[in-house]
Amino acid sequence: MSHMTLIDLLPVLFIMLVGLPHGAGDGLLAFKSFQPTTKGWVIFVASYLVIAGMVLVLWYFFPVLGLLLFLIQSLIHFGLGDVSATDTIAKGAQSQSRTHYWARIIAMGCGPVLLIPLFHPIPVNDVFILISGQAASYLILFIIFLIPIWLAAFGIMLSYLPKTGGSEVTLLLLLVALYFILPPLWSFAIYFCCVHSFRHFRVLNTQIEGGFIKLGHFGQILLFSALPIALIFLFALQAQDHFSEALITGLFIGLAALTVPHMVLVDGLRKH
C-alpha cells in the first residue's frame, strides 16, 4: 500500500471517532436490560474485555482466519442491525415471511462486505494484505463467488415490493451506488457511521428509558470509546514511518475484537 496522505486518512478517522463509539452504548443497554450491581458491572466489563482479547489472540496467531470471521460476523451484524432498525424506526418494511426476512439480512449485510471488494478489488486486497498478510488476498476470490447469493436475496426483496413499499430497496440501491462510486474506505466510512451507527443510536434511544441523550450517558459513551481509540493510536504511533498503515491495521483489528462482544450483547438481546 502506497503512503497515505491526511486526506486519505480522513475516512479512517471518521470511522474511529464517529463509528467506533456506537458500540460504547453497550453499557447503557446492559444497564437497562440487566440492572447490574457494582459486582455485575465488573463482571460485564471484564467479560467484554476478555472476549475482545480472545479475538486479538486469534488474529495474532491466525490472521487470515481472523479476517474471514470478521467479514462473516460483520455481514450478519450489519444485516440484523439494518433490518431491526428499519422495522423499529421506519415501521414500513417488516418481513413478510421467513424467506423475506433472511433475504433482507443478506442483501443489507452483504453490501459493505461483498460489494465494496467486488467494485474495488485492488485497493481492498491491499487492505486485506496489510491487516492479515499476503495469504489474505485469496479472500477476494471467495467474496466474488458469493455475489450470486446477494443477487438472489435482492431479487427476493424486489418480489415483495408491492407489500413492503420501496424505502428499504431505495436505500439499498443508493448504498450500492455509493459503494461503486467512492473509494472503499470512504464508502465504508459513510455506511458505517451515517447508516449503521446512526440507526443503532436511534434504536438505542427507544430502548433506554427516558432517552439516552443525557450528559451522564454521553460521558459513559466517551469513556468507553476513549480506551480503544487511545490503544489504536498508540499502536499506530509505535510504527513511526508506517503510521498510516498501522492506523488502518489497528482500527480494523480493533473493530473485529469489539464486534464479537457487541454482537453477543446487541444481537442476543434483539433475539429475546
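The expected span of a helix is 1.5 Å times one less than its number of residues. Helices (H or I, at least four residues) and strands (E, at least two) are DSSP runs numbered from the N terminus. The model is predicted: local features need pLDDT of at least 70, side-chain atom pairs count only at pLDDT 80 or more, and totals for chains, interfaces and linings use all residues. Residues are numbered from 1 along each chain as its sequence is written, and side-chain values use heavy atoms, with hydrogens and water left out.

**View A. Helix α10 and its buried residues.** The 15 residues of α10 should span 21 Å at 1.5 Å a residue, and the end C-alpha atoms of this helix are 21 Å apart, which agrees. A residue is called buried under 20% relative accessible area, exposed over 50% and partly exposed in between (1.4 Å probe, protein chains only). In α10 the buried residues are Glu168, Val169, Leu172, Leu175, Val176, Leu178 and Tyr179.

**View B. The salt bridge between Arg104 and Glu168.** A salt bridge is a side-chain nitrogen of Lys or Arg within 4 Å of a carboxyl oxygen of Asp or Glu. The side chains of Arg104 and Glu168 form such a bridge, at 2.8 Å from N to O. This pair links distant parts of the chain, with Arg104 in helix α5 (residues 98–119) and Glu168 in helix α10 (residues 167–181), 64 residues apart. Arg104 and Glu168 are both buried.

**View C. The salt bridge between Arg199 and Asp82.** By the same rule, the count comes to 2 salt bridges. Arg199 is joined to Asp82, and their closest N and O atoms are 4.0 Å apart. Here too distant parts of the chain are linked: Arg199 belongs to helix α11 (residues 184–207) and Asp82 to helix α4 (residues 63–90), 117 residues apart. Arg199 counts as buried because its relative accessibility is 17%. Asp82 is also buried, with a relative accessible area of 1%.

**View D. Aromatic rings.** Rings of Phe, Tyr and Trp (its six-membered ring) pair if their centres lie within 6.5 Å; planes under 30 degrees apart count as stacked, over 60 as edge-to-face and the rest as tilted. A search of the whole structure finds 10 aromatic pairs. The rings of Tyr101 and Trp102 have centres 5.5 Å apart and planes at 75 degrees, so this pair is edge-to-face. Tyr101 is partly exposed at 22% relative accessibility, and Trp102 is partly exposed at 41% relative accessible area. One aromatic cluster is formed by Phe78, Phe188, Tyr191, Phe192 and Phe252.

**View E. The largest nonpolar core.** A nonpolar core is a set of buried Ala, Val, Leu, Ile, Met, Phe, Trp, Tyr and Cys residues joined through side-chain atoms within 4.5 Å. The largest one has 56 residues, and those with the most contacts inside it are Leu67, Phe128, Trp150, Phe192, Leu251, Phe252 and Leu255. Contact means heavy atoms within 4.5 Å. Apart from its neighbours within four places in sequence, Leu251 is in contact with Val12, Ile15, Met16, Leu20 and Ile232.

View F. The secondary structure of the chain comes to 13 helices and 0 strands. For helix α3 (residues 38–61), 24 residues at 1.5 Å each should span 34 Å, and the end C-alpha atoms are 35 Å apart, which agrees. Buried in α3 are Phe44, Tyr48, Ala52, Val55 and Trp59. Of the 272 residues in the chain, 47% are buried.
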